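Subject: Structure handover and notes

Hello,

Please find the structure below, followed by what I found in it.

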Amino acid sequence: MSESENQNGNQNEEVGQEVIEQLDKFDELPDAPPKRKLKLSWIGKISTAIVVFWVVIAAIGPFIAPFHEMDMDGDDSFLDAHSNEYGTFYLGTDYLGRDTFSRIIWGARMTIGISLASTILAYLIGITLGIAAAVKGGWVDMGISRVNDAILALPSIMLGLIAIAAFGSSIPILVIIAGIIYASSVFRIARALGLDIMVQDYVEAAKVRGEGLWWIIKSEVLPNAAMPLATDFGLRLVFVVLFISSLSFLGLGVQPPQADWGSMVRENLAGLTYNSWAAVWPAFAIATFTIAINLIVDDISAKSGGSLAKKMV
Amino acid sequence: MNDKVTPKFKPGEPGYSDLSAYDKGLVEKAVRGGHSRRDVLKLMAVTGVSLATAQNLLATGGRAMAMTPKKGGFIRMASNLHGPDDQLDPPLFTSTIDYTRGRAIYNSLVQHNDDLTTRGDLAETVEPNADASEWTLKLRKGVEFHDGTPFTADDVIYSMNRHMGDDSTSVIKSVLASIQEWKKVGSHEVKCILNTPNADLPTLLGLFQTKIVKNGTTGDGIGTGPYKMDSFEPGVKSVHSRNENYFREGAWLDGMEITAITDPVARVNALIAGDVQMSTVIDPKAFRQIESADGVTLLSTPAALQVGICVLKNAAPGENDDFVKGMQHIQDRERIVKRILKGKGTVGNDTPISSAHGPDFCHELPQREFDPDKAKHHFEKSGFKTAELYVAPVMAGIEDVCLLAQANCAKIGFDLKLKKVPTDGYWGAVWMREPLNVVTWNMRPTAQSQMAIQFGPGAAWNDTYWNNERMGELLQAVLSQTDPVKRHDMMCEMQTLIHEGSGMVIPAFSNINDGIADNIMGMPKVPLGQLGACEWPEFVWLA
Amino acid sequence: MMMQMALRRVWIGIATMFVVSVIVFIMTSILPGDVAQIVLGQSATPETLAVLRRELGLDQPAYVRYFMWLGDMATGDLGTSKAGGAAIADLIGGRFMNTMVLAGLVALISIPISIFLGLWAAMHPGTWLDRTVTFGTLSTISVPEFFIATLMVLILAVNLHWLPSTAMLRDNMTFLEFMRGMAMPIITLVIVVSAQMIRMTRAGILNVMSSPYIEMAILKGVPRGRIILRHAFFNAIGPIINVIALNLAYLVSGVVIVETIFAYPGLAKLMIDGVQTRDLPLVQACAMIFCGTYVILILIADIGSIVSNPRLRHPK
């Protein structure tokens, strides 16, 4: 911190001035006290632009992609950018001679769609059960918590492997599997938040007033738990993207010829040795999307200043 | 070779021994990499070597590889699959790593040569009676198991009986079903009595699972083979050291480690980095990487390793012949070989027999070509607009073949859906159950056994449920046919039947592709499995 | 108080392990195919299948097999692998050590690095330094593990020949050889787990920084570095320990990709192999180890946060 203003004779004034100065500075720091108005830093703004860009690509991708995701029209596999009678391959071709550029565009829909849907599902399940456990307590809490611990204790990739082997790997199944696995982490946060809130004075007051359980959840618990939960959303999204890509490592994941960024990295790994960028581009796409989401999360949580970190684990 | 076109080598021009180590390496690499003579000659012409010299180089290069083997060295081999189900019990061998360990530790009664003929292994002679219904095997004397116990007829009777009877769980039980009884004649002589005559019995006695174990044991790692087992951890590795008492020449290495790296990219990287000296099952994606790397060679052995799509004939849509024809005509065979198998394969003609089967291959059968119009016509006639094909990565490239078929189907308006399923559980839950699925088979030593196993009426593994009476008659009759012309005619008739009538789509055959370090010499090239049908432990040595 | 909590935790731990075993049992019984089919593979015939099933005791109803396993487990008998016939204790023994050694070494390196970088970033929030750490950790968090691992192999093993590409361990290796063999998996995992721990350390401390007593300290003019080290860190240690515990649990049970790429024989890959061969006793044994590890780590984390935060020792 700056000591350069310590030139004035008056000690008190000096200290006071310094404190005010620090508070001014502090206000601009990411850990500043809560502000209701959401104002993003420039990093947050760029990140938002990137996320919006990918969401738009996900929405309109198939209409703007030069090739279909299954077309094998490239001159050969693992080529750099080139053109032939079918069109131009801006980012080169993948291991089957498919257009990497088009597959990334198609893959946006798959990757972002699955991760968003799974995370939303995880939140629905996790919050419902978490708050139910917190509010009801007793055996309900005990039962749900133990099953939840069991899911957390088992490796998620194994749970995914079993579920896919048993039910096949359609997109709904992938969403449900990822949703259930990540619901276990959301459950822990939601339950901890719920327990915290249930002992707060305003909830006690509501109980005394004779309000029903549902009213308490709806009017007191949910609004107060919303902000911390919302900021955790971004991290879960990243974990889902990585989870789907780690399934592709075991030869599972989305159905061919569908492209998702994680499996694109996987299937083109061999190209790294040929200086082919076919595996690098989808990795880059994953990185831009997930880093942008997390930077937004950072921005929001810095501004909200809630006791998020304690509840995250 | 025709003498007239073979130029004589002129003394004074550089010979093999004059080449630098690097150039020697190039020549050897070319010869071993399965390049045709023509390719190599062309390559040399570019570098300014005269044709005569090139020819000489090739010949001496070949000889150099047949130099006198020497003892010593250690090899680490990385297979593609392993796990807690790794076996030392021969009747339950199912994977390359099992076969390799089996070959290091044990011996069979006979073994296969590179050209698929057989020679005696633990049996010195294998002689049939007049109609090939009773075989007499004279066993090698003076052979000892690793623990010093002498090898006798009792060990053979015990080991072979484990493939028979109600309590047997042997994976080749049905393959050996024609054997009625094993009889001990003397301490080193046994008789094998068959239900039905079979002139090809010796090839069956050389299967991976027919290794001879000590009487009364169930595969405890003690055999007669070239290497003793020092340690074995299922799913991790096994370590072996030379059997100094081995009954014949071979077992050159001091020792070997047999392990697996299940990730295909990591397996290739480990080979190139020199951490393993052999890697099995190289993915076509990595061919270029190995070919351009120093110190390693891609060993590509032509084989009838089928890239197969089974269309079940006993259910919709496969019961409709037009649908099958559509599936067969939509296969872009040339492109599969060139682009997916990267040239290391041969075009298939929807029969399980390839040129690798030698004279039994029916080259007269017209090649079925990629013809989208015909495919479209057949699909339309069949009335089906969509179908679902189950795919598991049972072999390198098979998923890509299905993706190509899918893309080509889309272009003619047919919706071929792919359903990717895990390999584990595939053979029990999908193969022979779902109407369209993928399959591959290790090449069988004879065309007859290859067809009998998949297309014999009522055969246990008739994986398209195509039962043809005539096929059954021919399979039986060809076994006792000794006239080569008539035999070929029968073989051809069978291949035509399969080509025309079965539900099998075989657009291509893959070579067997492995990577080995350049200083490994004496590699066998038996095309029945990876790394010379896992016969290498006895033969290889390090230069 | 402490004793009571520990007892309650042990009880919860046992209950969790029981629930895990039931879940594993249910999940593996809905898988297509059984161990007999996997062992015989493509070569299975109905006849040989029936014989092998009888030999392995698979002809009994599933719940009977489960209770037999539970009975054996209660007496400390892990049983034998259905797929290969080896004793599960033998299969697991060496791999358990391997897993613990790898997890231990990674923890030893990554925990100090993470806490240091996390603190450093938290001390200078919003500076280029903080942004570099944030960006670096986010980049490594968001790229699939197998991409990082393969890139490391290509650079360090294939191109530079500095390190072996796989972690093949042999008996009687020297310490140096051993460390060289372990280097690649360790480097990869340190990168993967540190990223998350750094982020959580930074977030945890910045969170505490906004609590009233820290604001008080700031108002009193205590230097920021001292606030963080003396006040914020000890109050943030609870969540940080929790993240470390979860990451350690991941290092024990979840590193199947690293184990596969570096051919490192550990427990995570063994469990996947067990699932793929439908080897129920083996899967159960691994599940019990993972669950036990998880329960113990969470218990340690809880005790840690109580010890570090006196307020938690005397709850209202």
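The model is a predicted one, in which local features need pLDDT of at least 70 and side-chain atom pairs count only at pLDDT 80 or more, while totals for chains, interfaces and linings use all residues. Residues are numbered from 1 along each chain as its sequence is written, and chains are lettered from A and ligands numbered from 1 in the order in which they are written.

Chain C overall

Chain C has 14 helices and zero strands (DSSP runs numbered from the N terminus: H or I of at least four residues for helices, E of at least two for strands). The C-alpha trace of chain C spans about 85 × 60 × 35 Å along its principal axes. Of the contacts in chain C with a separation of 6 or more, 70% are between residues 24 or more positions apart; a contact means that the C-beta atoms of two residues, placed from the backbone, lie within 7 Å. Chain C is divided into domain 1 (2-74) and domain 2 (93-276), with bounds that come from an automatic or database domain assignment. The centres of these two domains of chain C, taken over C-alpha atoms, are 34 Å apart.

Chain C against chain B

On this interface, 43 residues of chain C are in contact with 34 residues of chain B. Helices that each supply at least two residues to the chain C side include α3 (46-56), α5 (88-123) and α7 (145-159) of chain C. α7(C) gives the most, with five residues. The chain C side divides into 22 nonpolar, 18 polar and three charged residues (Ala, Val, Leu, Ile, Met, Phe, Trp, Tyr, Cys and Pro count as nonpolar, Asp, Glu, Lys and Arg as charged, and the others, Gly among them, as polar).

Chain A: a helix pair and a loop residue

The axes of α2 (residues 42-64) and α3 (residues 100-136) of chain A come within 7 Å and cross at roughly 135 degrees. Axes here are lines fitted to C-alpha atoms, for helices over the stretch in contact, and angles run from 0 to 180 degrees between N-to-C directions. α2(A) and α3(A) are therefore oblique to each other (under 35 degrees is roughly parallel, over 145 roughly antiparallel, 65 to 115 roughly perpendicular, and the rest oblique). The crossing of α2(A) past α3(A) is left-handed, that is, the near helix is turned anticlockwise from the far one by less than a right angle, whereas clockwise would be right-handed. Among the residues that meet are W54(A), I57(A) and G61(A) from α2(A) and I105(A), W106(A) and R109(A) from α3(A). The residues of this contact divide into 10 nonpolar, two polar and one charged.

P66(A) is found in the loop between α2 and β1 (82-84) of chain A. With 15 C-beta neighbours inside 10 Å, P66(A) counts as partly exposed. Leaving aside neighbours within four places in sequence, P66(A) is in contact with G87(A), T88(A), D99(A), F101(A) and S102(A). P66(A) and R103(A) are 37 residues apart in sequence and 9.6 Å apart in space, C-alpha to C-alpha.

Regards

Definitions and conventions:
A residue is buried if 20 or more other C-beta atoms lie within 10 Å of its own, exposed if 12 or fewer, and partly exposed in between; C-beta atoms are placed from the backbone.
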